[in-house]
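Welcome, and please load the model in your viewer. We will go from one selection to the next, with a note on what to look for at each stop.

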Amino acid sequence: MIPFGDPSASYQAHKSEIDQAIKRVLDSGRYILGTEVDMFENEFASFHGNDFHAVGVANGTDAIALCLSGLGLGTGDEVITPSHTAVATVAGIEQAGCKPIFADIDPNTRCISPDSIKENLGDNTQAIMPVHIYGQPAEMQRILDIANVHNLAVIEDCSQAHGAEIDGQKVGTFADISAYSCYPTKNLGGTGDGGVILCRSKEFAEKIKSLRQYGWNAERESIMSGFNSRLDELQAAILRVKLQHLADDNAKRRAIALSYNEAFKDLPITSPVLAKTELHAMHLYVIECDQRNELMEYLRNNQIGASLHYPLAVHQHNAYAHRILGGYNLPITDLFYQKNLTLPMYPELSNDALEHVISMVKKWFREKN
Ligand SMILES: Cc1ncc(COP(=O)(O)O)c(C=O)c1O
């Protein structure tokens, strides 16, 4: 079976460096919040430029919740976000006590639509949380303009877009605060849970460092109510290795995406757009087509792990349906969820595997007509 993503291939590709990193940590005797976390935080911040601070946390959902809590947002505060995202985005918003409000997506970027953000603004709106879905940067300039006019915080959910860029500027550096997941399947993924918060303010970073560990100060006195959301040393050490290969791995992903796009250009398929002014992180390669269930079944029967990201938009899940504002009127999101289909995408995908996926997709369209 050719999977749609393959974290074990990533381990094999960087095995000797990762094995060394693991041994270093095991030998050190320090397993939580030590040198590796400090170094990962410094390296992750520097990867984004000179003016940033990074704080490692337990996972991406916590990263989102901590960003909001760190801003002092909570009960009654509304956060506008897309319903076309991992449930985790919305779970993180609710974990902080805030209220998610769903905006629709733009059909080209599949990211939150700035026009729909405007339609969903209300008296209690405090923040906008765009998601760079599948590695495609959201329209950050338009989103920041709306936020400036209405005095709102912006938190970028970069969980699927480590290393993506708009006009040479990395996502995560447009807003003052950004959240990342380092779940194993992510472009920057560990071998367990992990997350990072990136921010410009040293004070905010210090506050998050306190919040992630019971609200402690240096003397281990809790000076605010906090959480336990620490990144462990093993994950940090592995993420340090992966960070060094991130740009190369993302370039390999984009090369695969270009091959898919070229091969599918005459088929009735909508492929992801790779804009010249952007670096797409190509976390997931998602096409849109009619009869996608039939195509998915055909591919699966032919050893290709076609999948859905996601089977449901967040507002279509039982836990959220009819509860979250904005969720009643998301026509572009609803249409997208009838057509989305994820094809295999990871840096180590071999040429043979890529050719096999392409030929089976083409064959299905030939046989169907
Ligand atoms: C868009 C998005 N936001 C947030 C998260 C949350 O990450 P985690 O699973 O690390 O809590 C994920 C990962 O699943 C994600 O894809």
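Start with the shell around the ligand: its residues divide into four nonpolar, eight polar and two charged. In this count Ala, Val, Leu, Ile, Met, Phe, Trp, Tyr, Cys and Pro are nonpolar, Asp, Glu, Lys and Arg are charged, and the others, Gly among them, are polar.

Before you go on, two notes on the model. It is a predicted one, in which local features need pLDDT of at least 70 and side-chain atom pairs count only at pLDDT 80 or more, while totals for chains, interfaces and linings use all residues. Residues are numbered from 1 along each chain as its sequence is written, and side-chain values use heavy atoms, with hydrogens and water left out.

**Stop 1: the ligand**

Select the ligand and the residues around it. The shell has 14 residues, and the closest are Gly60, Thr61, Asp157, Ser181 and Lys186; a residue is near a molecule if one of its heavy atoms lies within 4 Å of it.

Next, colour the helices α4 (60-70) and α5 (87-95), each of which supplies at least two residues of this shell. Helices here are DSSP runs (H or I, at least four residues) and strands are runs of E (at least two), numbered from the N terminus. Which helix gives the most to the shell? That is α4, with three residues.

Now show the polar contacts, meaning pairs of N or O atoms within 3.5 Å; within protein, one must be able to donate a hydrogen and the other to accept it, and residues adjacent in sequence count only if both atoms are side-chain atoms.

- Gly60: a polar backbone atom is 2.8 Å from an oxygen atom of the ligand.
- Gln160: an N or O atom in the side chain is 2.9 Å from an oxygen atom of the ligand.
- Thr89: a polar side-chain atom lies 3.4 Å from a nitrogen atom of the ligand.

The ligand taken alone exposes 380 Å², and the protein buries 90% of that (Shrake-Rupley areas with a 1.4 Å probe; for residues, only the protein chains shown count as cover).

**Stop 2: His48**

Move to His48, in the loop between α3 (35-47) and β1 (53-57). Is His48 buried or exposed? At 8% relative accessibility, His48 counts as buried, where buried means under 20% relative accessible area, exposed over 50%, and partly exposed in between (1.4 Å probe, protein chains only).

Display the side chain of Tyr180 as well: a polar contact of 3.1 Å joins it to the side chain of His48. Then draw a C-alpha to C-alpha distance from His48 to His162, and you will find 9.9 Å in space for 114 residues in sequence.

**Stop 3**

Most residues other than glycine have a negative phi, and most peptide bonds are trans.

Select Tyr134, in the loop between β4 (125-128) and α7 (140-150). Tyr134 is not a glycine, yet its phi is positive, about 65°. Tyr134 is buried, with a relative accessible area of 2%.

Asp167 lies in the loop between β6 (165-166) and β7 (169-170). Phi of Asp167 is also positive, near 50°, but Asp167 counts as exposed at 61% relative accessibility.

Finish at His309 and Tyr310, which are joined by a cis peptide bond with omega of about 10°. Tyr310 is found in the loop between α10 (292-301) and α11 (331-339).
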